Amino acid sequence: MSDVMDRDVSVADDPGVPRLKGRGTPLRERFFQLSLWASLAVGVIFLASLLTYVVVEAWPRLDSRIWTNFPDIIDPGNAGAQSAIMGTLWIIGFTAVYCLPTGILAAIYLEEYADPNRWWNRVIEINIQNLAAVPSIVYGILGLGIISRGLGFGQTVLTASLTLSLLVLPTVIIASREAIRAVPQSIRQASLALGATQWQTIWRQVLPAAVPGMATGSILALSRAIGEAAPLLLLGGLTFITFNPTGVESPFTALPIQIFGWISQSRAEFTALAASAIVILLVILLAMNSLAIWLRNRYSRRW
């Protein structure tokens, strides 16, 4: 017993061994925590101020007229954004139809089938990561030059949907790959050991387990697309349309374009209209994000 105590004393007295500090928080750690709280407070305060300003500005026009009436330049008191709301839903709907299957299938190939040692697979992965950081205006130029004029689709819902699909496709691929990669390798090995083929393992084991992550990433990617204005402005989205789209070949407008058009007007009534359209856009975004959170919590699994 005395030998153990002597060793403990000798270790404590050794200058080369760092001594344990007390339970008090060091000054540097406190300063770092205060910096984090201050940064969070600045972001929350500015966001709350912005939302409060938008709601206050939109309150006089935040009624059923905003989603039941069509735009009206002469009488802003009766103007609405029905065509912009329907155009947004049409564009986002077809964007999901185009980009989600392509992105999920690409993620399955890159994660389950592609050989990472092959140079072309490495080139594909690098390009996907780089495309995720490309500004949206570049995709607008691409859509205008190739899809609208090159393919002859014109200023239609189809052109806008394909352009936004290219915009969010890298994000969908990256999110889907991360969700597939999070599935434990032991599940694949157990399925293969029981005689299942690789595709049966992916379809019945890997994909059901990866659905929450893929759904969350896909909805968040579409949430980004729904608020993009620059590509749609380059594609020639109209700011004054008094009819709803009837198909993929119809002319289109969207809430970001309609907000831009109303803000450009000089009369104060259009400011309230723009603020009310912003509130409608925020409600759609919150609904999509809430759906993503619900899917993640409903189907998530802990391994």
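What percentage of the 303 residues in the protein is buried? Buried residues make up 37% of them, where buried means under 20% relative accessible area, with a 1.4 Å probe and protein chains only.

Some ground rules before clicking around. This is a predicted model, so to speak of local features takes a pLDDT of at least 70 and side-chain atom pairs count only at pLDDT 80 or more, while totals for chains, interfaces and linings use all residues. Residues are numbered from 1 along each chain as its sequence is written, and side-chain values use heavy atoms, leaving out hydrogens and water.

**Whole chain.** Switch to cartoon: you'll find 12 helices and zero strands. Here helices are DSSP runs of H or I with at least four residues, strands are E runs of at least two, and both are numbered from the N terminus. Now show the surface: the protein exposes about 18000 Å², with carbon and sulfur atoms supplying 66% of it; the area comes from the Shrake-Rupley method with a 1.4 Å probe. As for contacts (heavy atoms within 4.5 Å), 72% of those with a separation of 6 or more are between residues 24 or more positions apart.

**Colour by confidence.** pLDDT is the predictor's confidence in each residue, from 0 to 100. It averages 83 over the protein, and 90% of the residues score at least 70. Helix 7 (residues 157-181) has the highest confidence, at 91, and helix 1 (residues 2-13) the lowest, at a mean of 47. Select residues 4-12: pLDDT is below 50 there, and the stretch has two contacts beyond near neighbours in sequence. Residues 17-22 are also below 50, again with two such contacts. Where pLDDT is low, the predicted coordinates should not be read in detail.

**Thr163.** Next, zoom in on Thr163, in helix 7. Thr163 counts as buried because its relative accessibility is 1%. Leaving aside residues up to four places away in sequence, Thr163 touches Tyr139, Gly140, Gly143, Ile147, Pro231 and Leu235.

**Helices 9 and 12.** Finally, select residues 198-226 (helix 9) and 268-299 (helix 12): the axes are 8 Å apart, at an angle of about 170 degrees. That makes the pair roughly antiparallel, the term for angles over 145 degrees. The contact divides into 14 nonpolar residues, three polar and one charged.

Note on methods: Axes are lines fitted to C-alpha atoms, for helices over the stretch in contact, and angles run from 0 to 180 degrees between N-to-C directions. Angles under 35 degrees count as roughly parallel, over 145 as roughly antiparallel, 65 to 115 as roughly perpendicular and the rest as oblique. Ala, Val, Leu, Ile, Met, Phe, Trp, Tyr, Cys and Pro count as nonpolar, Asp, Glu, Lys and Arg as charged, and the others, Gly among them, as polar. Buried means under 20% relative accessible area, exposed over 50%, partly exposed in between (1.4 Å probe, protein chains only).
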